[in-house]
Amino acid sequence: MPVKFFGQFMVEKGAITRMALLQAIDLQEKTNLKFGEMVIEMGLMGKEDIARVHLAQRSEDLHFGDMAVKMGFITEDQVQQALTRQRNSHLYIGEALVKVGAISDQSLEKYLADFKQDQAGYISEKIEIPADVPHRPIWEMVADLTYKMLTRVVGISFRPGPCTIIEKIPARPIIAEMGFSGSVSARYLLSVSESTRNLVAKAILAEDSVENESVEILDDSVKEFVNIVCGNIAAKAAQLGHSIDITPPEMRDDSAHGITVPEKHTGLMFPVYLSDGEIFELTIFVADR
Amino acid sequence: MKSVLIVDDSIAVSRQLEKIIDDGKEFKVIAQGRNGAEAIKLCQQHKPDIVCLDMNMPVMDGLTALRSLMQLMPDLPVVMVTSLGGVGDKYTEAIRLGARDVISKPFEKESVLDMLRRL
């Protein structure tokens, strides 16, 4: 079962109706204040200040609180106070489902335990990202979910190599990529050989052989695998409180010459060693802060 | 047997989904589209019993197509297909617009069939 939210899990399980979930989400939306709404409620900023911060965020990639501090509207201490108050008053979806009468208080605990067990396979283990790279926990999660999807979707045995900072991705016949925006700005690239592409295609197409498939279908399968991984990354990021939008997957047409890490980006490469001696790479171009 | 329309810009995904759904007994895939505009055209043309509609497509995305489909055929059972798991905003918007459910990738055959049987 892929990465998902508790509400979706409950609907799929048949424990609640879609209508009940929508009622609970409505209650959450009314109860949980965004950071800007919270600082207004606390009397720290006015609506016009909020609009100015939002405008400034369009030209500089900073969280709302950091930008508000930079612009002199609030102090670091006040950011922490607002965050604490936001955290303490947060209504979780499970609690909201109880409040709208969709489930009982007693059953919530059991459903949460079931959900935790269902999602256990998607909880990250430690992956080392070089120091000084921004948003390290996110890249750890990206690598971890990629490895898990390789196992679950493609069904291959592999050994991940250590993450290194690179200047250029080596030449590969196939490189598929997707973009991340929102809480982070980055490109996700998966570079594979033709034989690895065929392994991915077999899994995606659920075929024993892909010998007679067109290159278009085979490449499309790699794009789809990247799409599945990145979709699950966006879902996992949302669970962790980050908002990541993804762009549709694309094939790089310059893969045969290797790809240089763009300016003002850091290239993180995660080599993956297959049992038959093949190697392929996950690379993330992380935009500098 | 219920007729199903699959709309996804990825040929690989459409093939994968057709393989799961088209069992020759309960469900029959009658047509495939590659974007939201084709979804609307094919729905009017074939009047399927169920539509599996990708969320993220070029030309016209799935949510835009869903909005139009619900105006044209409010009772049409549409399930959205997405790799975004349960990403809150999109999931909620799809359900609010009238989608009956959301199929998450990677597909699990029995989950997909169970969902379609419930429609």
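Modeller: Start with exposure. Buried means under 20% relative accessible area, exposed means over 50%, and partly exposed lies in between. Keep in mind that this is a predicted model.

Biologist: Why is B:Arg96 called partly exposed?

Modeller: B:Arg96 has 42% relative accessibility. That value lies between 20% and 50%, so B:Arg96 counts as partly exposed.

Biologist: What makes B:Arg96 and A:Asp26 a salt bridge?

Modeller: A side-chain nitrogen of Lys or Arg must lie within 4 Å of a carboxyl oxygen of Asp or Glu. The closest N and O atoms of B:Arg96 and A:Asp26 are 2.4 Å apart. The pair therefore meets the cut-off. This pair crosses between chains, from helix α4 (residues 88-97) of chain B to helix α2 (residues 18-31) of chain A.

Biologist: What makes B:Lys105 and A:Glu224 a salt bridge?

Modeller: Their closest N and O atoms are 2.9 Å apart. The limit is 4 Å, so the pair qualifies. It also crosses between chains: B:Lys105 is in the loop between β5 (101-104) and α5 (109-118) of chain B, and A:Glu224 is in helix α11 (residues 215-239) of chain A. Both B:Lys105 and A:Glu224 are buried.

Biologist: How do you know that B:Arg15 and A:Glu207 meet in a salt bridge?

Modeller: The N to O distance is 3.4 Å. That is within 4 Å, so the label holds.

Biologist: How many salt bridges are there between chain B and chain A?

Modeller: Six. The count over all chains is 20. Twelve residue pairs between chain B and chain A are in polar contact.

Biologist: Which element gives the largest share of the side of chain B that touches chain A?

Modeller: That is α1(B), with six residues. By class, this side of chain B has ten nonpolar, nine polar and seven charged residues. The contact takes 26 residues from chain B and 35 from chain A. The area buried between the two chains is about 2,600 Å², and carbon and sulfur atoms give 53% of it.

Biologist: What about A:Asp254 and A:Arg252: why are they called partly exposed?

Modeller: A:Asp254 has 26% relative accessibility, and A:Arg252 has 24%. Buried needs a value under 20%, so neither residue is buried. The two form a salt bridge, with closest N and O atoms 3.0 Å apart.

Definitions and conventions. Residues numbered from 1 in each chain as written. Chains lettered and ligands numbered in written order. Predicted model: local features only at pLDDT ≥ 70, side-chain atom pairs only at ≥ 80, totals over all residues. Heavy atoms only, no water. Helix = DSSP H or I, 4+ residues; strand = E, 2+ residues; numbered from the N terminus. Buried < 20%, exposed > 50% of the residue type's maximum accessible area, 1.4 Å probe, protein only. Contact = heavy atoms within 4.5 Å. Buried area = accessible area lost by both parts, 1.4 Å probe. Polar contact = N/O pair within 3.5 Å; in protein donor to acceptor, adjacent residues only side chain to side chain. Nonpolar A, V, L, I, M, F, W, Y, C, P; charged D, E, K, R; others polar.
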